[in-house]
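Open the model in your viewer and keep the sequence panel beside it. The stops below are given in the order in which to select them.

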There are 2 protein chains.
Amino acid sequence: MNINELTTPALVVDVDAFEANLADMAAALPGDRLRPHVKAHKTTELAKRQLAAGHRGFTCATIREVEGMVAAGLGEDLLLANEVADARRIGPLLDAGARVTLAIDSDATLAAAVAGGVREVVVDVNVGLPRCGIAPDRAGALADAARAAGLVVRGVMGYEGHLMMLEDVAERAKLTEECMAKLLAAHADVGGELVTGGGTGTYAVNTWVTEIQAGSYALMDTAYTKAGLPFRQSLTVLATVISVTAPSGEMPGWAVADLGLKALGMDHGNPTVLGGQVWFCSDEHTVFAPDAPVAVGDRVHVVPAHIDPTVALHERMHLVSGSAAVEGEVIETWPVDLRGW
Amino acid sequence: MNINELTTPALVVDVDAFEANLADMAAALPGDRLRPHVKAHKTTELAKRQLAAGHRGFTCATIREVEGMVAAGLGEDLLLANEVADARRIGPLLDAGARVTLAIDSDATLAAAVAGGVREVVVDVNVGLPRCGIAPDRAGALADAARAAGLVVRGVMGYEGHLMMLEDVAERAKLTEECMAKLLAAHADVGGELVTGGGTGTYAVNTWVTEIQAGSYALMDTAYTKAGLPFRQSLTVLATVISVTAPSGEMPGWAVADLGLKALGMDHGNPTVLGGQVWFCSDEHTVFAPDAPVAVGDRVHVVPAHIDPTVALHERMHLVSGSAAVEGEVIETWPVDLRGW
């Protein structure tokens, strides 16, 4: 099928860019040096490509993602890199043969892990981002409590998320080192084989962790591109022009594409229409000034400002050849099957 | 079931506020004076409540919404208030007995209507918002062309969307009158029984249309509340506290709730945590400073900054009694079944 036959809006993935991203990352961080984060794509078929590139372990942000990965046969070594107040959906996955390691950062989340039948944990350490994570000097005591409760403590986790988008690479490297010094200090107290952290923004400069939790590198994000990362933006949202207004007097002309707030993650701002300047988005519309005349029925590619929440709005993504040319063939269609909670 | 047993994040609708909104709107705009817009909630069970309140016709933004409404038995008089470049999914709905009226604003969208087997249209007129819609002085010619092509032209549509959030009511009323003068001029040329437009922001001041297309009034939005509208915010996202960090030195304490960019429409900015001040949101987290101490496992209600795209991220919504008290009972659970395209 040609992509012009797709119902729009539709997620399309440029297969060449996508495969280059996977190959480049696997070369930089082979095998277990990378634990791909599935929150960035929420698609088990995409995760299977990451497995084929050599990465056996995966990172998840929600229990739903863990369940879906197990159901897809990708449960060899899953890290739920997040705290949960109720872990009771994890126990049955372990009983079914999956390996799931859960992050804890408090006595309460330790208790939830125990109550949920969890067997293995990492201690989540606050390395500077004010979000989850225990203070580094308290990590050892939490690990002791976890072991006393019968759990295996596999190591420590620390996410330097506040540094991911820093455009100055030297500054990003220096601050990452400071964050990781905190994580390594905690690791000295906690023990275990895992020091897990990092992301697409720091995959090259975070040389202290045993594994990097990058996810965005596969489809990529505009902000990461601005930060100088070498991966290519492989995902666009294909849309159709549904209305065109010609210039009139001092008012320039504009066009309307059939995608809007329900097809685009908007927390990083407006998307980019390839071949136009975006004026604004509403629920099911993006209004833009086209660089060259367009007509009703024309297809346009739109680059979302933030991929992760964009993907969460779509039921499927289409792997295509030559998508940027608007003449691609759909090679495969993958359900975005890890959405919801 | 008590709402504390819900998996979070979860959409919860305060039944008292919701029913008051429906009753208040039905009193202001009874029966066919209101054509509720389903894009605001994407939920056929909610639309059935609007039907029970006396409104037989509905407004849709996408073909998927039209299809879902027909499948739910709500296809008595549907207006697809949007242009489409491909209308071929509409013909079969008409053959199955539904009534669907399509907006057109160009020769190209007229041709798409004809090719799709559409029988009835309205002429979409640009009344000031630079989005879809034909210039008022060209509406009559498009109506003539539609009738020449064998279509029934039911009237005109004009959406003064740029006025919805104006906080000065007198200014909103004055500018609405100017927009509607354009629409009525077009209607004089087009004819037909429908003059359709308006929204929650102008439902009380737009006295020129034959029907108002309001949707947000049922669940309501923070921005509409600021604009002084009388409806109550009936929808919140229920979330669970998963991490708490105590104050340390000069750093205040904070907490993390398990909802983020994938559970919240973010185009209007950060959500509001009831009982706290939001610092930032990430994919699956909202970090906030609680007004009073909270603990892991506590539930919090979060008001999204924009309801429409928030609803599109969730599989279901729960109708509850006394939701604000975090002690409500789930009365019914409705699938958000009009998502996607």
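This is a predicted model: local features need pLDDT of at least 70, side-chain atom pairs count only at pLDDT 80 or more; totals for chains, interfaces and linings use all residues.

Residues are numbered from 1 along each chain as its sequence is written, chains are lettered from A and ligands numbered from 1 in the order in which they are written.

**Helix α6 of chain B**

Select residues 139–148 of chain B, helix α6 (helices are DSSP runs of H or I of at least four residues, strands are runs of E of at least two, both numbered from the N terminus). B:A139, B:L142, B:A143 and B:A146 are buried here (20 or more other C-beta atoms within 10 Å of the residue's own, C-beta atoms being placed from the backbone). These residues lie on the same side of α6(B) because they cover an arc of only 100° around the axis, taken from the directions from the helix axis to the C-beta atoms. B:G150, with a positive phi near 95°, follows the helix.

Now show α6(B) with α7(B): their axes come within 8 Å and cross at roughly 35° (lines fitted to C-alpha atoms over the stretch in contact, with angles from 0 to 180 degrees between N-to-C directions). B:A139, B:G140 and B:A143 of α6(B) meet B:A186, B:D189 and B:V190 of α7(B); contact is C-beta atoms within 7 Å.

**Between the chains**

Select the contact of the two chains, with 46 residues from chain B and 45 residues from chain A. On the chain B side, β9(B) gives the largest share, four residues.

**The core**

Which residues touch the most other members of the largest nonpolar core? Among its 217 residues they are A:V121, A:V123 and B:V123; such a core is a set of buried Ala, Val, Leu, Ile, Met, Phe, Trp, Tyr and Cys residues joined through C-beta atoms within 7 Å. Centre on A:V121, whose contacts include A:L102, A:I104 and A:V153.

**Backbone details**

Go to A:T8 and A:P9, joined by a cis peptide bond with omega about 0°. A:P9 is in the segment before β1 (10–14) of chain A. B:T8 and B:P9 are also joined by a cis peptide bond.

Last, select A:M220, in the loop between β8 (211–212) and α8 (222–226) of chain A. A:M220 is not a glycine, yet has a positive phi of about 70°. A:M220 is buried, with 23 other C-beta atoms within 10 Å.

Technical notes: A residue is buried if 20 or more other C-beta atoms lie within 10 Å of its own, exposed if 12 or fewer, and partly exposed in between; C-beta atoms are placed from the backbone. Lists of a residue's contacts leave out its neighbours within four places in sequence.
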